[in-house]
Structure formats: structure tokens, C-alpha cells
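The following exercises are to be worked with the sequence and coordinates at hand. Each task is followed by a solution in steps.

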Amino acid sequence: MKILILQASPRAKGNTAWMAQEFKNAAEAAGHQVTLVNVSHKKIAGCLACEYCHTKGEGACIQKDDMQELYPLMAETEVLVLAAPVYYFTLCAQIQAPIQRMYCVNKPAQVKKMALLMSSYSPGVYTGAMAEYKDICNYWNVADAGVVTAMNDEQKTDETKSKIVALVNNL
Ligand SMILES: Cc1cc2nc3c(=O)[nH]c(=O)nc-3n(C[C@H](O)[C@H](O)[C@H](O)COP(=O)(O)O)c2cc1C
């Protein structure tokens, strides 16, 4: 399957980047075609709510920023993986922008499944992010393939890697 991983931590060698890379390694080993994008290193603005896309734009966004690189990848992926650190009890802003910029086309056209990888410092901080993720799965009518979280001493461990591999093998 075609898999797109959106990695949203600005820390290139951080915990979320590690989880995303482990997912990519496992998915490629299982024969999937994987694209990993660090969206935090892209210039992706928030939606302007100008409604250009739904009027004159015929589904195209008026903002010509780095989201234009993501639209074709989003359009063809069958599995969308969100990888994000928890900031203030929810998904970080760097993952919110590309999700909300899908407003112009409503949903990624080919996506059948989604997965979520999250890291945090503390335990018990995932409720808000999980609720948002589940609501998006429902709204886009895609299956939730699974969620892996890693807080503090779970980060970059063999146990977390095993959970990621199990998720991939369950796709
Ligand atoms: C702005 C900011 C807000 C954060 N908010 C939380 C939080 O609400 N709960 C928590 O447990 N950790 C919080 N953290 C810690 C990160 O979630 C944690 O260090 C995570 O592993 C960072 O991922 P990374 O290594 O991929 O960047 C915050 C970090 C930053 C920079």
C-alpha cells in the first residue's frame, strides 16, 4: 500500500522522528511504498477560510505555500500516518495546519486507514489528541489502524518499536 507519514516535530532527532522512522522501516520491510515528510520543516499556513477553494478555485487552495507539495501526496496515499508530539495536551500545531488545509478537498481521496504516533513527556496527556484523531477518522470515514504513544521512559525503546512493528503488521 502507499503510505504517507506526516512527521510534525521540529526536532529532527527527537522522539517523534524516531517513531516515524521506525514505522517507515517496518512498513518498507513489509513491502509498502512509504513517503515520510517532516511537515514542521515546511511552510504551511493555517486555512484562511476564504472559501476560494469552494467557489472559484474548484478545489484548489489559494495559498501557494509548501502545502502544494503535500496535496498530490495526500491525494494518492492509502494509509495516512500522523506522527506528532503532544503540545499543551493536544496534537502540535505543525500537524494541525496540514490537516485543516485539506478543507479544500474535504478528505484525502484514496485514504482507507489512518494511524497515529504520539510522544509526550508525561503520562495521561493523550485524551484531547486521541479524541481529535478519532473524530477525523470518523469524519473522513477511514479505519483507525492503531495508535502508539511513547512518554518519557518509553521513548526510543525496543518495547515501543515492537508496538510500532505490530501496528504496521496489522495494516
Ligand atoms: C511547546 C511544548 C508543549 C508541550 N506540552 C506538553 C504537554 O502538554 N504534555 C506533555 O506530556 N509533554 C509536553 N511537551 C513535551 C513533549 O511532548 C515531549 O518532550 C515530546 O517527546 C517531544 O517530542 P519530540 O522529541 O519528537 O520533539 C511539550 C513540549 C513543548 C515544546
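Helices (H or I, at least four residues) and strands (E, at least two) are DSSP runs, numbered from the N terminus. The structure is a predicted model, in which local features need pLDDT of at least 70, side-chain atom pairs count only at pLDDT 80 or more, and totals for chains, interfaces and linings use all residues. Residues are numbered from 1 along each chain as its sequence is written.

**Exercise 1. Overall fold**

Determine the secondary structure content of the protein and compare its radius of gyration with the globule rule.

Solution. Step 1: the assignment gives five helices and six strands. Step 2: in sequence order, these elements form the pattern β-α-β-α-β-β-α-β-α-β-α. Step 3: the radius of gyration is 15 Å, close to the 16 Å from the globule rule for 171 residues, so the protein is as compact as a globular protein of that length. The radius is taken over C-alpha atoms, and the rule is 2.2 Å times the number of residues to the power 0.38. Step 4: the C-alpha trace spans about 50 × 35 × 30 Å along its principal axes.

**Exercise 2. The strand S5**

Which strands pair with S5, and how many of the residues of S5 are buried?

Solution. Step 1: pairing requires that DSSP finds at least two bridges between two strands. Step 2: S3 and S5 run parallel and are joined by seven bridges; Leu-82 has Leu-116 in S5 as its bridge partner. Step 3: S5 also pairs with S6 (residues 143-151), in the parallel sense and over eight bridges, and the partner of Met-114 in S6 is Asp-144. Step 4: a residue is buried if 20 or more other C-beta atoms lie within 10 Å of its own, exposed if 12 or fewer, and partly exposed in between, with C-beta atoms placed from the backbone. Seven of the eight residues of S5 are buried, so S5 is largely enclosed by the rest of the structure. For the protein as a whole, 37% of the 171 residues count as buried.

**Exercise 3. The ligand shell**

Identify the residues that come nearest to the ligand and the elements that supply its shell.

Solution. Step 1: a residue is near a molecule if its C-beta atom, placed from the backbone, lies within 6 Å of it. Step 2: there are 16 residues around the ligand, of which Ser-9, Gly-14, Thr-16, Pro-85 and Ser-122 come nearest. Step 3: at least two shell residues come from each of helix H1 (15-29), strand S3 (79-87) and strand S5 (113-120).

**Exercise 4. Positive phi values**

Locate Tyr-88 and Lys-156, and state the phi and exposure of each.

Solution. Step 1: most residues other than glycine have a negative phi. Step 2: Tyr-88, in the loop between S3 and strand S4 (90-91), has a positive phi near 50°. With 9 C-beta neighbours inside 10 Å, Tyr-88 counts as exposed. Step 3: Lys-156, in the loop between S6 and helix H5 (158-169), has a positive phi near 55°. Lys-156 has 14 other C-beta atoms within 10 Å and is therefore partly exposed.

**Exercise 5. Helix H4**

Solution. Step 3: just after H4, Asn-141 takes a positive phi of about 60°.
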